[in-house]
Amino acid sequence: MSIAVSVNTSMSVLIVDDEPGMRSFLTKAMLKKFALVETASSIAEAEQLRSQGHFDLLIVDIRLPDRSGIEWHEALDDTDRQSDIIFMTGYADMDVAIRALRAGASDFIMKPFHLEQMMTAVDRCIEKRLLKRENFMLKRQLSHGQSSTIIGSSDAINEVKQVISRVAPTHAVVLIEGESGTGKELVARQLHQLSGRTGPFVPVNCGAIAPELLASELFGHIAGSFTGAKNSREGLFSFASGGTIFLDEIGEMPMNMQTALLRVLEQRSIRPVGSEKEVAIDVRVVAATNRLLIEEVDKGHFRRDLYYRLNVLNILIPPLRARPEDVVELTHHFTVQISQDLGIKPVLWCHEDLQVLKQHEWPGNIRELKNMIERCILLGKPPAEYWKKAELAETLDNHGYPLSWTLKDVEKQHVTQVVDSHAGNKSAAARDLGVSRKTLDRKYKDWLGQDNSGEQGED
């Protein structure tokens, strides 16, 4: 697969060579590919630069005044080898070349070289790194079973789809508002999918990350920047290079991080924690919240300037209760999806089940509906039966048995509840009821006969 490489990759390179002419020559060439280019004339100087920031690629001369480039690379801990490395040398030595490649070098180039030879090696390193980032995000998405299909054909959801198609191709920041469980991440994924951006989609739940770690997660950090930061690490903004970062629950973001995010949106660059260097980024930001952010602004919980910076384009997702006509379509979709996950044939719900689902208010929205369908499939109880039992249990808890019930109805309900409490063990239930197992079997037989005779009478 071919990946287009440009200066917008948000990547960085460190050139280590004791010849000023070579450093200048490579710097001019690398500025066409990298957002940040640094140079060093010795290993000591290179180590100092590495301690201040992360570099995606190292281009290192083997023979340096203070130390061999290979020895320096071999001295790095395995966990620190997050940078690709290309070695250069003016001395033809096969043993040295083999040692360099064994040390983990991506390439080994003899001096003097044509610029095309070096750029080909650099492009291979960039392409490999972008593929690793993309694979990382794909695995992250697959592990959460994420989908990017918006289900529903109601007027309300069709309006949302039309807004998505209009704003997706733009580079503007988008703010998605809606109740919990309405599918805000699904809308964000659709925006990314239709945007034409080639980078990955990176979701971040701002409320699920400890406030003191949020800056490191988003912007990365360098080794030693805080307690426990033994190694340098890239942030999620870097992983989203060329793509979209989705900041879910943006209203949960601490005030100090709101200030940092505002700077990122205005400067289009990030600064890893502990670093003095800023790195340019090419990332589209999509934010979401289940709160009304303008109310949070009025309460003093959210920065007003950040709110207006995020609210360039706004998408409001309607709750499920506002589009009950979509419940049936969503039910069929989740039934097929969950059945496939469980390795069973899709269940066929009857008209009564679908009517019950349509009439429910769904305070938890689509997430609650999906959980309900999964629960019914796992328990083997259709939604109508499940809800009738739930409503009955609530009635019994609050008011006792209905006055219209006969004594036989009350007896049947009580006996079946006791049997259910023993997971169908009739012998254990009979002991609690104070009757013999034969008596319990006879009652079940009588009830079964009554049910069958009732059905025959109706036919």
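Aspartate 66 lies in the loop between β3 (57-61) and α3 (69-75), where helices (H or I, at least four residues) and strands (E, at least two) are DSSP runs numbered from the N terminus. The model is predicted: local features need pLDDT of at least 70, side-chain atom pairs count only at pLDDT 80 or more, and totals for chains, interfaces and linings use all residues. Residues are numbered from 1 along each chain as its sequence is written, and side-chain values use heavy atoms, with hydrogens and water left out.

**Aspartate 66**
- Aspartate 66 has a relative accessible area of 41% and is therefore partly exposed (buried is under 20%, exposed over 50%, partly exposed in between; 1.4 Å probe, protein chains only).
- Not counting residues up to four places away in sequence, aspartate 66 touches Ser42, Ile43 and Ala44 (contact means heavy atoms within 4.5 Å).

**Serine 12**
- Serine 12 belongs to strand β1 (residues 12-16) and counts as buried because its relative accessibility is 3%.
- Beyond neighbours within four places in sequence, the contacts of serine 12 are Phe34, Leu36, His54, Phe55, Asp56 and Leu57.

**Nonpolar cores**
- The largest nonpolar core has 54 residues, of which Phe87, Leu218, Phe237, Ile245, Leu247 and Ile250 touch the most other members (a core is a set of buried Ala, Val, Leu, Ile, Met, Phe, Trp, Tyr and Cys residues joined through side-chain atoms within 4.5 Å).
- Helix α10 (residues 255-267) supplies the largest share of this core, five residues.
- Another core, of 22 residues, lies apart from it and includes Leu26, Met119, Ala121 and Ile126.
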